[in-house]
Amino acid sequence: MPIRFDTRNQRWRFEFDQVIAGQRQRASRLLPKGYTKAEAQKFDLEETKRLHAVAAGVNKPEPLIEDAVLLYLKHHAPALKSFDNIVRELKACYEAYAGKPFTALPAIALSYKPVDDNKKPMAAATVRNRLSYLRAACRYAWKHHGLGDSNPAERVSMPKVRNERHVYLGRPEFLAICRRIKPGKARAAIRIAFYSGMRAAEVGHAKVHAGSDVFELDGQHTKNGCRAWCQFITELLTLCATHRCGQCSQPSGP
């Protein structure tokens, strides 16, 4: 029987071992966790039919999504800052794409509805993040390793994310924070962040050149990679006149 229950892994396993057109064809694949016997039998029929067609030369072998993921993780993802997160997220959704061909990617994007440990649906942002990594892996394998005849990511529909936050620190809360910090560079940095809108890391990298009235950020220190400037307001002018928090290229006050 081409499918059997793998007791060691507690999952169904598909096995194929036949001689077709004088050539022996073998395949073995552990099916995703949670597959029922009926689902395993359906996979068996479809995969057996596909393997016969490929071996007989009727169909061209179609690359699998998991092959694209392996290429992506081996050759491209290690150079990215988010490599560890990419590995973790692609592993978390492995069951959704295991054993499935490139052409199934759009269907996976529509049907992927993961749940957390409490059986509650995961946030749309988490789902979109995982599908984005999966789409990137398939596009990379197609473009740089020649997998597939066309870009499998073209027809992928991504879930919409609505997680805009409109909670801002008001001046009373800001002053309460400042009162708990001793006067000096740390409190000055917090005040600069509040009045300028810069991120915490950007405050540390921003520069103020002599005679200038703007904070300047190099592209390597901004989120979008573009240079940025922040115009001073009265409170920031006072800060720069009284503190050298690492931002000024030369003192502008005592």
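Reader: Which residues does G148 touch, not counting residues up to four places away in sequence?
Author: This model is predicted, and in it G148 has its place in the loop between α6 and α7 (171–179). Once the residues up to four places away in sequence are not counted, the residues that G148 touches are P63, F102 and W142.

Reader: How far apart are G148 and P63 in space, C-alpha to C-alpha?
Author: P63 is among the residues that G148 touches, although the two are 85 residues apart in sequence. In space, taken from C-alpha to C-alpha, the distance between G148 and P63 is 6.1 Å.

Reader: Is G148 buried, partly exposed or exposed?
Author: The relative accessible area of G148 is 26%. Buried would require a value under 20% and exposed one over 50%, so with its 26% G148 counts as partly exposed.

Reader: What share of the contacts in the protein with a separation of 6 or more comes from residues 24 or more positions apart?
Author: The pair G148 and P63, 85 residues apart in sequence, is in contact and gives one example of such a separation. For the protein, among contacts with a separation of 6 or more, the share from residues 24 or more positions apart is 50%.

Reader: How many helices and how many strands does the protein have?
Author: Among the helices are α1 (residues 37–55) and α6 (124–145), while the strands include β1 (residues 3–6) and β2 (residues 11–20). The count for the protein is ten helices and five strands.

Reader: In which sense do strand β1 and strand β2 pair?
Author: Four bridges link strand β1 (residues 3–6) with strand β2 (residues 11–20). I3 stands opposite F14 in β2, and R4 stands opposite R13 in that strand.

Reader: What is the phi of Q10, in the turn of the hairpin?
Author: The hairpin is formed by β1 and β2, with four residues between them, and Q10 lies in that loop. Most residues other than glycine have a negative phi. Q10 is a residue other than glycine with a positive phi, and its value is near 55°.

Reader: Which residue in β3 is the bridge partner of V19?
Author: Strand β2 is also joined to strand β3 (residues 23–30), by eight bridges, and these two strands run antiparallel. Within this pairing, the bridge partner of V19 in β3 is R24.

Reader: What is the relative accessibility of K119?
Author: K119 is found in the loop between α5 and α6 (124–145), and has a positive phi of about 65° although it is not a glycine. K119 counts as exposed, because its relative accessibility is 68%.

Reader: Which residues is L80 in contact with, leaving aside its neighbours within four places in sequence?
Author: L80 lies in the loop between α2 (65–75) and α3 (83–92), where it counts as partly exposed at 31% relative accessibility. With its neighbours within four places in sequence left aside, L80 is in contact with Y72 and I86.

Reader: Which residues lie nearest the centre of the largest pocket?
Author: The largest pocket holds about 530 Å³ of space, and α4 (94–97) and α5 (105–111) each supply at least two residues of its lining. By class, this lining has ten nonpolar, two polar and six charged residues. Of the 18 residues that line the pocket, those nearest its centre are E95, A96, Y112, K113 and P114.

Terms used:
Residues are numbered from 1 along each chain as its sequence is written. This is a predicted model: local features need pLDDT of at least 70, side-chain atom pairs count only at pLDDT 80 or more; totals for chains, interfaces and linings use all residues. Side-chain values use heavy atoms; hydrogens and water are left out. Contact means heavy atoms within 4.5 Å. Two strands pair if DSSP finds at least two bridges between them. On a 1 Å grid over the protein atoms alone, a cavity is a set of points where a 1.4 Å probe fits but cannot get out, and a pocket is an open set with protein on both sides within 12 Å along at least five of seven lines; lining residues have an atom within 4 Å of a point. Grid points are joined across faces, edges and corners, and a volume is the space filled by probe spheres set on the points. Ala, Val, Leu, Ile, Met, Phe, Trp, Tyr, Cys and Pro count as nonpolar, Asp, Glu, Lys and Arg as charged, and the others, Gly among them, as polar. Buried means under 20% relative accessible area, exposed over 50%, partly exposed in between (1.4 Å probe, protein chains only).
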